[in-house]
Amino acid sequence: MKAQDLAMALPESIRTSLSSNNPTWEHWGCCIACHKLLGYKEYAILGRTRKFRIHCDCEIEHDKQQRVIQERKARTLEVQKIFNRLNLIPDSLTNAGFKNFQQREGSEKIYEIAKGFYRNFENEKFGYVFFGTPGNGKSHLARAVQRSLDADGWPTLFLDWPKLSELARRSIKDERINLSAIVRAAIDVDLLVLDDIGTGWLTDFEFKNVAFPIINGRQNKKTLYTANLSPERLEAWFASDKDGKALDEDGRCIDRIIGDCKFVHNKATSMRRERARIID
Ligand SMILES: [Zn+2]
């Protein structure tokens with residue numbers, strides 16, 4: 001009887017008992033998934049006989065997946081090392097998730113897109129720019145995507161633009177802030193959320209050292225941007241500083257964002273405004 005047939009004759013629950021790591025047996029069983037005969041093969045190398053394990057495709061695939069998981073873990077640890085002491089997430093978004101998202105009229109579409117993006121993350125080709133009025137749940141959903149992917153073991157980062165630009169300004173005088181390490185991590189992660197891009201005025205320093213390197217470095221990677229500005233106003237935000245001095249006249253930032261992302265206009269009303277109406 002061949003080992004495969006023997007394995008198939010056994011109840012599935014005990015087929016694994018054929019697995020043994022004993023190199024003295026030429027064959028010691030077969031894979032319970034693909035039924036390939038497993039064992040050892042002898043090769044003569046430089047006059048010495050060596051035994052090599054025969055692997056089936058499932059084992060190879062399993063090992064490959066394990067290596068991917070290990071590699072993601074290592075990169076996540078690297079990112080955590082840099083960001084441990086830096087708080088770049090607004091307090092209101094710390095625990096934002098899909099479950100505690102408050103649906104409201106107009107928010108159904110963006111909610112479905114965010115959830116679908118998370119579920120299908122590995123196969124998604126584009127990132128997104130969620131734009132619309134402040135306080136309508138864009139950042140909450142972007143944070144929900146990032147937290148969910150983080151829980152699944154993906155290297156991710158959530159960076160609030162106002163906090164990031166403040167950190168960039170501080171880094172000029174405070175040499176403990178390693179801005180280039182922050183930028184490198186933001187480029188390296190599998191998902192970056194750049195929240196509230198287009199807030200305040202962009203400075204020459206921030207453009208050259210933060211905005212452009214990150215956006216340029218993330219070409220062909222998945223990024224979620226949230227913005228209160230329309231695509232046209234976002235382009236203008238990149239184009240010049242508050243004194244009208246040119247920063248990104250050629251629209252390199254917005255071109256790269258357009259190339260890598262789909263824009264979603266979140267038409268949901270602002271939660272803050274809704275609350276305000278009730279108070280009225
Ligand atoms: Zn197999």
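Tutor: Two strands pair if DSSP finds at least two bridges between them; strands (E, at least two residues) and helices (H or I, at least four) are DSSP runs, numbered from the N terminus. This is a predicted model, where local features need pLDDT of at least 70, side-chain atom pairs count only at pLDDT 80 or more, and totals for chains, interfaces and linings use all residues. Residues are numbered from 1 along each chain as its sequence is written.

Student: What makes β5 and strand β6 a pair?

Tutor: Five bridges join β5 to β6 (residues 191-195), and the definition asks for at least two. The two strands run parallel, and L159 stands opposite L194 in β6.

Student: In what order do the strands of the open sheet lie?

Tutor: The order of the five strands is β5-β6-β7-β4-β8, with parallel pairing. β5 (156-160) and β8 (261-265) are at the edges because each has a single partner strand, which leaves one side of each without a neighbour in the sheet.

Student: Which residues of α4 are called buried?

Tutor: Buried means 20 or more other C-beta atoms within 10 Å of the residue's own, exposed 12 or fewer, partly exposed in between, with C-beta atoms placed from the backbone. I110, A114, F117 and Y118 of α4 are buried. They lie on the same side of α4, because they cover an arc of only 100° around the axis (taken from the directions from the helix axis to the C-beta atoms). E108, E112, G116 and R119, on the other side of α4, are exposed.

Student: How do you know that the span of helix α4 is close to the expected one?

Tutor: The expected span is 1.5 Å times one less than the number of residues. Helix α4 (residues 108-119) has twelve residues, with 16 Å expected, and reaches 16 Å from its first C-alpha to its last.
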